[in-house]
Amino acid sequence: MELRQLRHFLAVGDAGSITAAAKTLRLTQPALSRQIKALEDSLETALLERGAHSITLTPAGELLISEARKLIGFS
């Protein structure tokens with residue numbers, strides 16, 4: 001797990017979509033999706049439930065968002 005991946009995951013959680021977070025982060029959507037997938041792979045758990053046009057946080061994703069905010073200093 002990398003700090004950059006946590007920041008990217010927080011951006012997705014805050015934006016509510018990978019596309020919106022990618023715009024905010026000035027990344028392409030596929031690049032951000034790969035970062036989130038790599039984070040999920042390193043944690044060996046799904047963090048997002050991906051729908052056709054939306055995402056929702058899994059319980060593990062909710063927990064990680066909470067802990068990442070504490071770690072990174074977001075409120």
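Does His8 count as buried or exposed, and at what relative accessibility? His8 counts as buried, because its relative accessibility is 10%, and buried means under 20% relative accessible area, exposed over 50% and partly exposed in between (1.4 Å probe, protein chains only).

Before going on, a word about what you're looking at. This is a predicted model, where local features need pLDDT of at least 70, side-chain atom pairs count only at pLDDT 80 or more, and totals for chains, interfaces and linings use all residues. Residues are numbered from 1 along each chain as its sequence is written, and side-chain values use heavy atoms, with hydrogens and water left out. As for pLDDT, it's the predictor's confidence in each residue, from 0 to 100. The protein has a mean pLDDT of 90, with 97% of its residues at 70 or more. Among its elements, α3 has the highest mean pLDDT (95) and α4 the lowest (91).

Back to His8, which sits in helix α1. Helices (H or I, at least four residues) and strands (E, at least two) are DSSP runs here, numbered from the N terminus. Setting aside residues up to four places away in sequence, His8 touches Leu25, Leu27, Leu32, Gln35 and Ile36; contact means heavy atoms within 4.5 Å.

Follow one of those partners, Leu32, and you get to the largest nonpolar core. That core has 18 residues, and Leu32 is one of those with the most contacts inside it, along with Phe9, Val12, Ile36, Leu48 and Leu64. At least two core residues come from each of α1 (3–15), α2 (18–25), α3 (29–43) and α4 (59–72), and α1 gives the most, with 5 residues. A nonpolar core, by the way, is a set of buried Ala, Val, Leu, Ile, Met, Phe, Trp, Tyr and Cys residues joined through side-chain atoms within 4.5 Å. In soluble globular proteins, nonpolar side chains tend to be buried together. Leu32 itself, leaving aside neighbours within four places in sequence, is in contact with His8, Val12, Ile18, Ala21, Ala22, Leu25 and Leu27.

Now look at how α2 meets α3. Their axes come within 9 Å and cross at roughly 105 degrees; axes are lines fitted to C-alpha atoms, for helices over the stretch in contact, and angles run from 0 to 180 degrees between N-to-C directions. That makes α2 roughly perpendicular to α3, since angles of 65 to 115 degrees count as roughly perpendicular, under 35 as roughly parallel, over 145 as roughly antiparallel and the rest as oblique. On the α2 side the contact is made by Ile18, Thr19, Ala21, Ala22 and Leu25, and on the α3 side by Gln29, Leu32 and Ser33.

The loops are worth a visit too. Arg26 lies in the loop between α2 and α3, and is exposed, with a relative accessible area of 79%. Its phi is near 60 degrees, a positive value in a residue other than glycine. Glu44, in the loop between α3 and β1 (48–50), also has a positive phi, of about 55 degrees, although it is not a glycine. Most residues other than glycine have a negative phi.

Last stop: Thr58, in the loop between β2 (55–57) and α4. Thr58 is buried, with a relative accessible area of 8%. Pro59, in helix α4, is exposed, with a relative accessible area of 69%.
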